[in-house]
Amino acid sequence: MDNNSNGQESNKYGSLLILAILLLFEVWTFRKVLFNGAMIGSDRDGLLSVLMTEHWFKVLCGKEQWNTWICMYPVTNSVAFNDMYILHAILYCPLRFLGVNKYIAMTSAQLLWHFIGTCIMYRFLNKILKYERIPSLIGATAFSFGSYYLYKLWHCQFVSLSVVPLVILSLYCFWNNMDNDRIRRKSAAIAILTEVLIFYTSPYMAEYVLVTFILFVFSMLIVRRDRKSQVIAAFKYVRNHLLEVLALILMGIISMIPLLYVYLPTRSTSVRSWEEVLSISAPWYYFFNVSSTNLLYGKVIQKIPALTDAEWPIGFPFFELILLALVFVFMFREKKSNIKGLFLTSFLIYCCATKVGNFTIWKVFYKFFPGASGMRVPCRIALIMLPFVGIMLAWLFELFFSRSKIQSNMILNTVGVIIAVFVLLENGQKDGVISAWNYPDAVAREAVLDVPPPEDCASFYCIDSMADESQSENPYFYKGFLDAWLLAEKYDVPTLNGFASFLPEGYGTVYNIYTSEYPSEIDRWVSDNSLVNVYCYDFATKEWTRKG
């Protein structure tokens, strides 16, 4: 009894120590946000994500329709033109009801989800795959603090990557507990509902997960010698549990109905040309591009002009590439078919994210996979490699540590923590996470919008009489429609101005208040939609003028 108690106590303190280390890694990574008032992203895309998430708070307050933003008036189903940010809203809305400022609430939601993802990944490695604590720490670090993940947090929707390990964990438990009805059904339900949640947050990320699942199944059928028995087992499950399968499918369909309701009507307009998609696909040699803002290698990357494109830092740092090479060697030596499957899947994901000349296997998905033709930047699928990389590195160090000749656990664990810290630093950004705006400026920007619209104002649009047409260029035009959206949210009056990844039919350049065509475009939009009680707000003079 005493020995068991001591062992449980040791495990408890060991787990708490790992949790503390992971928490310190989070603090280090987000130090600029936590201590300097910085916010993730920029005052363009970052603010846009705040407004899209604020929409759900206003829905719960009864001030907005669930499927329609307060911008782009009078367009309905406007949430279909961009990501829906439901994952963020799950934590954001309770904070808003508690009186937390929208900017602090959004930042808190992002940081909390990132930490939750880190913990899910660690639990999967340690509790489900049964790897020791230190290899699990290294694997969780490689995933959650991976270079491309931290870089793409600039686009706030990609924090949805944090729940991808929950999908992987659930699918693993589903497949490996076929004889346990409770675990099997629970795991399948969690996997489906988590994937649906990702769809409601960022359809791109959800589709990347589905593409990865297809690639993984394909890879496992190639590398496993017992592939035939695995296929038979899958068919046997469907045959013996047909009602369960139908119930799970029905659950998935029902939970997707609201999303399909808003997205399907816009499907025909949500298509990118293949030429546009190909132009943004990363070159094949970007496997070592970790961005010019990388903590250790940024200065080197800056000196290589071919590696400076903002969308393409999809690679891995030097030490991690060596570790992946060792995974490749040892997975054959140890005859680990599951690791081979993960490695092949990661390689195929990388092939989807990159091109050789004008060739990329992503074209197969672009042509035949539903929704893939709307994805502008296919190289972002490289994010889904990171959970697999974390698993492979955890397996590698589990192998090394189990065969180590070092007798002292203290020394071995210390070496492991040092390796985890180096993985953290090697993947890290110079300032922890990219930020181009801060809390004081955001609050000050909104405070300037202090003149409410007239009581009979049914909708409005904005102008800036002091601006010049040079502000109409991307990204400067963001300020106009974002300030209009802020004004609309502040006073709960819809604005004609707005912007998203896709635009409603006939919208023209109503989103860009700085173009010379803007006055005529606004008049046309008001006339085409038979709008009344329309006012114009001038940012320069702070005056409201009735226009219709």
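Reader: Which residue in E7 is the bridge partner of Cys-536?

Author: The model is a predicted one. Strand E6 covers residues 534–538 and strand E7 covers residues 543–546, and the two run antiparallel, joined by four bridges. In E7, the residue that forms a bridge with Cys-536 is Thr-545.

Reader: Which residue in the turn between E6 and E7 has a positive phi?

Author: E6 and E7 make up a hairpin, with four residues separating the strands. Most residues other than glycine have a negative phi. In this turn, a positive phi of about 60 degrees is found at Lys-542.

Reader: Which strands stand at the edges of the open sheet?

Author: The sheet has three strands in the order E5-E6-E7, and its pairing is mixed. Each edge strand has a single partner strand, so one of its sides has no neighbour in the sheet. The strands in this position are E5 (459–463) and E7.

Reader: What is the average twist from one strand to the next in this sheet?

Author: The sheet in question is the open one with the order E5-E6-E7. From one strand to the next, its twist averages 30 degrees.

Reader: Which residue in E6 is the bridge partner of Phe-460?

Author: Strands of a sheet pair through backbone hydrogen bonds, either parallel or antiparallel. For E5 and E6 the sense is parallel, and the pairing extends over five bridges. Within E6, the partner of Phe-460 is Tyr-535.

Reader: Which helix gives the most to the lining of the second largest pocket?

Author: The second largest pocket holds about 700 Å³ of space, and 29 residues line it. Helices that each supply at least two lining residues are H1 (2–29), H5 (102–128), H6 (133–144), H18 (385–402) and H19 (409–427). With eight residues, the one that gives the most is H1.

Reader: How many residues in the lining of the second largest pocket are charged?

Author: Lying nearest the centre of this pocket are Glu-132, Arg-133, Ile-134, Asn-409 and Asn-413. Over the lining as a whole, 13 residues are nonpolar and eleven are polar, while the number of charged residues is five.

Reader: Which residue caps the N-terminal end of H9?

Author: Helix H9 runs over residues 181–201 and reaches 30 Å from its first C-alpha to its last, close to the 30 Å expected for its 21 residues. At its N-terminal end, a side-chain oxygen of the capping residue lies 3.3 Å from the backbone nitrogen of Arg-182. That cap is Asn-180.

Reader: Which residue is joined to Pro-475 by a cis peptide bond?

Author: Most peptide bonds are trans. Pro-74, in the loop between H3 (45–60) and H4 (86–97), is joined to Tyr-73 by a cis bond with omega of about 5 degrees. Pro-475 lies in the loop between E5 and H21 (478–491). With omega of about 10 degrees, the residue joined to Pro-475 in cis is Asn-474.

Methods:
Residues are numbered from 1 along each chain as its sequence is written. This is a predicted model: local features need pLDDT of at least 70, side-chain atom pairs count only at pLDDT 80 or more; totals for chains, interfaces and linings use all residues. Side-chain values use heavy atoms; hydrogens and water are left out. The expected span of a helix is 1.5 Å times one less than its number of residues. A polar contact is a pair of N or O atoms within 3.5 Å; within protein, one must be able to donate a hydrogen and the other to accept it, and residues adjacent in sequence count only if both atoms are side-chain atoms. On a 1 Å grid over the protein atoms alone, a cavity is a set of points where a 1.4 Å probe fits but cannot get out, and a pocket is an open set with protein on both sides within 12 Å along at least five of seven lines; lining residues have an atom within 4 Å of a point. Grid points are joined across faces, edges and corners, and a volume is the space filled by probe spheres set on the points. Ala, Val, Leu, Ile, Met, Phe, Trp, Tyr, Cys and Pro count as nonpolar, Asp, Glu, Lys and Arg as charged, and the others, Gly among them, as polar. Two strands pair if DSSP finds at least two bridges between them. Axes are lines fitted to C-alpha atoms, for helices over the stretch in contact, and angles run from 0 to 180 degrees between N-to-C directions.
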